[in-house]
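The model is shown below.

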2 protein chains.
Amino acid sequence: MGEFEIIASIRSLLGDPPGDVVIGPGDDCAVVRCGSSLLLLTDDAMVEDVHFTRALLDPRALGRRAASVAVSDIAAMGGTPRWLLASVGAPPGAGDALVELAAGLAERCAELGATLVGGNLTRSEALMISLSAAGTVDGEPLLRSTARPGDLVALTGPVGGAALGLELLMAGGGRDGAAASLARMWRDPPARVEAGQALLGIARAAIDVSDGLLQDLGHVMQASDVGARIELGNLPLPSGYDDLAPADEPLAPALAGGEDYELLVAIPRDRVENASCDLTVCGAFTEPDAGLVLVHEDGTEEKADPRGWDHFGGS
Amino acid sequence: MGEFEIIASIRSLLGDPPGDVVIGPGDDCAVVRCGSSLLLLTDDAMVEDVHFTRALLDPRALGRRAASVAVSDIAAMGGTPRWLLASVGAPPGAGDALVELAAGLAERCAELGATLVGGNLTRSEALMISLSAAGTVDGEPLLRSTARPGDLVALTGPVGGAALGLELLMAGGGRDGAAASLARMWRDPPARVEAGQALLGIARAAIDVSDGLLQDLGHVMQASDVGARIELGNLPLPSGYDDLAPADEPLAPALAGGEDYELLVAIPRDRVENASCDLTVCGAFTEPDAGLVLVHEDGTEEKADPRGWDHFGGS
């Protein structure tokens with residue numbers, strides 16, 4: 001079974017949630033009713049030698065990155081990150097590294113307006129961190145399931161930088177100039193909290209680009225039962241991307257790389273002007289039977305499958 | 001650095017939390033203010049070959065146990081468990097085991113009145129699960145820091161069964177009679193949600209017995225700045241314990257074993273009658289300079305250090 005099949009099996013065994021659960025598994029966060037507030041709950045894990053190596057990410061940078069990744073799911077719903085818990089596994093003797101990791105976590109939480117309120121330490125072979133984050137939302141959260149045909153596809157920032165930057169780092173580069181700034185996109189990603197909040201009541205649906213643009217777009221298409229057309233010439237790419245992208249498949253990092261943590265939103269055409277955050281329109285949602293169509297710069301069209309990296313053995 | 005030194009270093013770098021954080025790191029749960037409600041937040045991790053082996057705990061039993069352990073921290077504050085998130089790491093090919101794990105989690109959550117609302121899957125060498133749990137509390141939560149000299153030390157149930165049961169299981173036993181019921185105490189522990197709620201407004205302080213009775217008592221002593229006297233003859237021990245305990249140190253599993261997940265509470269003498277849950281009084285809190293005193297059945301007294309298992313290399 002691949003990751004998404006496992007998740008589908010688990011979801012089907014969970015059945016219908018009780019009334020205090022507004023949104024159960026399957027969106028960026030769970031949404032639950034806590035008194036008169038809506039609470040957003042999410043978690044994310046990073047494991048050494050799966051998601052990072054210590055050569056690429058020192059403990060402080062790992063802490064910063066983990067905080068951004070966890071908070072990004074709250075940003076994708078238009079929420080306000082509030083409280084984080086860290087669950088950390090480490091080999092014996094990792095004491096100093098763990099204190100650095102916590103310092104990075106706390107520093108990035110403070111930048112994002114959130115607080116590290118607790119956690120636990122345990123022994124494990126590989127260094128690993130699982131962060132859970134809770135936030136509140138001031139209005140109706142942005143879901144994956146509410147895009148409609150005719151809505152535009154827009155991004156809050158460039159995609160492909162993180163994957164390309166990681167590739168450069170792994171090849172021993174990423175130290176100077178444009179390559180270093182791409183490497184930083186992987187190492188210290190954004191969490192688009194302000195953009196998400198600015199899009200509440202304006203965008204119709206949102207997701208953060210974590211698995212890869214096409215795969216995350218596919219999550220929205222599936223949840224909303226819509227198709228999509230992407231104008232490849234309009235994709236926002238980071239500065240330096242064109243020079244450093246792989247010659248054989250220059251758009252692969254942007255389309256399938258993931259880990260950019262920009263928001264991909266569905267927004268009605270007449271509301272784009274109302275958004276007070278950066279937005280680049282790069283396509284439109286369509287009727288579901290149209291599937292996913294990529295429009296090349298020369299106008300040719302290509303049917304595509306949403307794809308990306310499947311942790312449990314897919315493509 | 002040992003586990004508690006690392007935690008102390010991390011706490012000191014975190015500084016004072018903002019006003020919406022009522023209780024930060026250091027108690028069973030973090031307590032935060034969410035609208036007009038108090039929210040309890042906690043997480044716990046279990047790692048294969050550190051906390052369990054697959055021979056001792058099949059995936060479904062692991063899911064049940066993880067849910068109990070996470071919820072126990074909410075029980076220790078007198079809270080109502082509401083929502084859980086699971087962060088699971090597993091080797092490729094573990095699909096069926098992961099679905100079983102989720103089934104065990106969901107089943108135990110339902111028994112405890114909580115809902116599994118989300119989570120994430122990642123690849124890792126060892127099977128590991130980190131659960132975060134959120135709950136609410138109907139009144140002032142029970143803390144570790146509010147015991148007073150003169151309060152009695154009481155337990156909601158027997159201690160030592162889990163550690164002794166695990167020892168029997170690891171020696172290839174634990175299959176029949178009293179040994180099987182001890183093994184079950186480790187494999188499928190309680191989470192004393194109803195007892196915790198019954199003690200709200202009655203007990204003065206509480207903690208769940210996870211690290212070991214003396215170590216957890218030590219946490220309360222340190223947080224509350226009190227001493228304690230434990231009457232060893234009054235410790236509640238599970239049925240079969242006396243016959244199966246190690247001959248050289250028969251009380252070691254009860255005093256240092258941990259993982260019983262009963263609640264250890266500080267309760268004023270005149271309120272014991274008001275508690276509508278099982279309680280066994282086995283000592284009293286004292287002035288701080290008295291430290292920890294163990295009173296043997298023959299009346300002899302022994303000064304002791306709170307101790308237990310330190311994941312990062314202590315005793």
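## Basis

Two strands are taken to pair if DSSP finds at least two bridges between them, and helices (H or I, at least four residues) and strands (E, at least two) are DSSP runs numbered from the N terminus. The model is predicted, and local features need pLDDT of at least 70, side-chain atom pairs count only at pLDDT 80 or more, while totals for chains, interfaces and linings use all residues. Residues are numbered from 1 along each chain as its sequence is written, and chains are lettered from A and ligands numbered from 1 in the order in which they are written.

## The sheet of chain A

Seven strands of chain A form an open sheet with mixed pairing, in the order β8-β10-β7-β11-β9-β12-β13. Because β8 (205-208) and β13 (301-304) of chain A stand at the edges with a single partner strand each, one side of each is left without a neighbour in the sheet.

Within this sheet, β7 (residues 152-155) and β11 (residues 280-286) of chain A run antiparallel and are joined by four bridges, with Val153(A) opposite Gly283(A) in β11(A).

## Helices

Helix α2 (residues 59-75) of chain A has 17 residues and reaches 24 Å from its first C-alpha to its last, close to the 24 Å expected at 1.5 Å a residue, where the expected span is 1.5 Å times one less than the number of residues. Of the 17 residues of α2(A), 15 are buried, that is, 20 or more other C-beta atoms, placed from the backbone, lie within 10 Å of their own.

Terms used
Buried ≥ 20, exposed ≤ 12 C-beta atoms within 10 Å, placed from the backbone.
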